[in-house]
Amino acid sequence: MDSRITQFDELAGADGRTRAPYRKLSQWLAETPPELLASRREQAELLFRRIGITFAVYGAQEATERLIPFDILPRILSRSEWTTLEKGLIQRVTALNAFLADIYGAGEILRAGIVPADIVYRNPAYCPDMAGRRVPFDIYVHIAGVDIVRTDDQGFFVLEDNARTPSGVSYMLENREVMMRLFPELFALHRVAPIENYPDELLATLRSVAPQRANGDPTVVLMTPGQYNSAFYEHSFLADKLGVELVEGRDLFVRDDVVYMRTTEGPRRVDVIYRRIDDDFLDPLCFRPDSALGVAGLMGAYQAGNVTLANAVGAGAADDKAMYTYMPDIIKFYLGEAPLLQNVPTFRCREQEALAYVLDHLDELVVKEVNGSGGYGMLVGPHATRAQIEEFRAKLKAHPQNFIAQPTLALSTCPIAMGSGVAPRHVDLRPFVLQGANGARVVPGGLTRVAMTEKSLVVNSSQGGGTKDTWVIDDAWSAEEAMGQA
């Protein structure tokens, strides 16, 4: 990491004193024998193996299914910290939806010159078939996963918007369940906001955007690419929690622009599809003709208003890394407000001046592909070899529009429990925002992803990162403990 950046430790704080939200955890750790921590770590791993929580890693030489590392120490936020985040998250997703409705509609933000039209129309995720077509309630992003990092006691930054098929919520829920089983004494010391109602909130959101003909009793299904998808565990987990059918493309068919599900009792009309399949594979008649995962005629039913897809087709046009750089302007344009959550400072390599700076400072910056994800296709300058830097230099010169660059942030650290004791590791946070006809909802917490390797800044599970339970606790308890320890 860049030695000029001071690292913020969420437990110790800038002055080295235990921060209020962590005081009871810190005291508990001081009183807990190392062998008990080791035993709980083993129990947690056994539980996750028994439950079967795995993540498929494409292209890996070893086994195709991995157990995502889980750390038994919670990441803790105070209620006041969470309130700030929640307001900013809702503001951001509201603006994302307004932006998508506009670029597929009147295009006012493009005519105003706020966002360059070529960035929108050349975006691979932009769907021309959606132009001029409204979606129910003008909501394109029903489920968003917004990646958050922090650099100090006050500073939360948005690292990335995930508006297509964001994953990770099953791990958030399972992490909490395992923690409650293994650490009842820790929960007794804190007032932890519940997250168990997320499936109910999600189902209510999906039902709220059903076509009007559903008459208050819509049929919702969760559509998966199948068991070989990296997030299939999550798909089956969520379908079970929602109490809806888990379907593949072959389980559905379209007749007269209406979607039906095959059942043992005959065809059943489907009103809402929570799809965990990319746009390109949804309908072989409209997108990739070789797709065996989709449903022929689905787009016809969708455009006829007979079924709702969540998230909407074409929603990915709002969440690539080039569009991310315009989000502060997008928020101001549609909402007339200053962003409550700031972006990480970002260089648009498509701009000549920015490109020149990036090329001169590759060893200091993080360079990302505009359409990259999962930690792939990126350069972390301070940790890169000379050969890797020169490889990216050539890529940037050849196709600068395909990249953005950011300073190497000092991501905050949280304590993790290892065999050798407790040590800090870098983390980010993915809260999940639900947007339906009944408003926006955010469960208090989210999925904390943690870089399990010392000094690593890559938290993605596909790159070896792990997860933590995220607690939002009452400020009163934190303040009371802080006074008691002063």
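Q: What is the accessible surface of the protein chain, and what share of this surface belongs to carbon and sulfur atoms?
A: In this predicted model, the accessible surface of the protein chain comes to about 20600 Å². Carbon and sulfur atoms account for 49% of that area.

Q: What makes the protein chain as compact as a globular protein of that length?
A: The chain contains 15 helices and 24 strands. Its radius of gyration is 23 Å, and the globule rule gives 23 Å for 486 residues; the two values are close, so the chain is as compact as a globular protein of that length. Along the principal axes, the C-alpha trace spans about 70 × 60 × 50 Å.

Q: What percentage of the residues in the protein chain is called buried?
A: A residue is called buried when its relative accessible area is under 20%. Of the 486 residues in the protein chain, 55% are buried.

Q: How do you know what span to expect for helix α6, and how many residues does it have?
A: Helix α6 covers residues 169-182 and has 14 residues. The expected span is 1.5 Å times one less than the number of residues, which for α6 is given as 20 Å. From its first C-alpha to its last, α6 reaches 20 Å, close to that expectation.

Q: Why is α6 called largely enclosed by the rest of the structure?
A: Eleven of the 14 residues of α6 are buried, so the helix is largely enclosed by the rest of the structure. Among these buried residues are Val169, Tyr171, Leu173, Glu174, Arg176 and Leu182.

Definitions and conventions:
Residues numbered from 1 in each chain as written. Predicted model: local features only at pLDDT ≥ 70, side-chain atom pairs only at ≥ 80, totals over all residues. Heavy atoms only, no water. Helix = DSSP H or I, 4+ residues; strand = E, 2+ residues; numbered from the N terminus. Rg over C-alpha atoms; globule rule 2.2 N^0.38 Å. Buried < 20%, exposed > 50% of the residue type's maximum accessible area, 1.4 Å probe, protein only. Areas by Shrake-Rupley, 256 points an atom, 1.4 Å probe, with all protein chains shown as cover.
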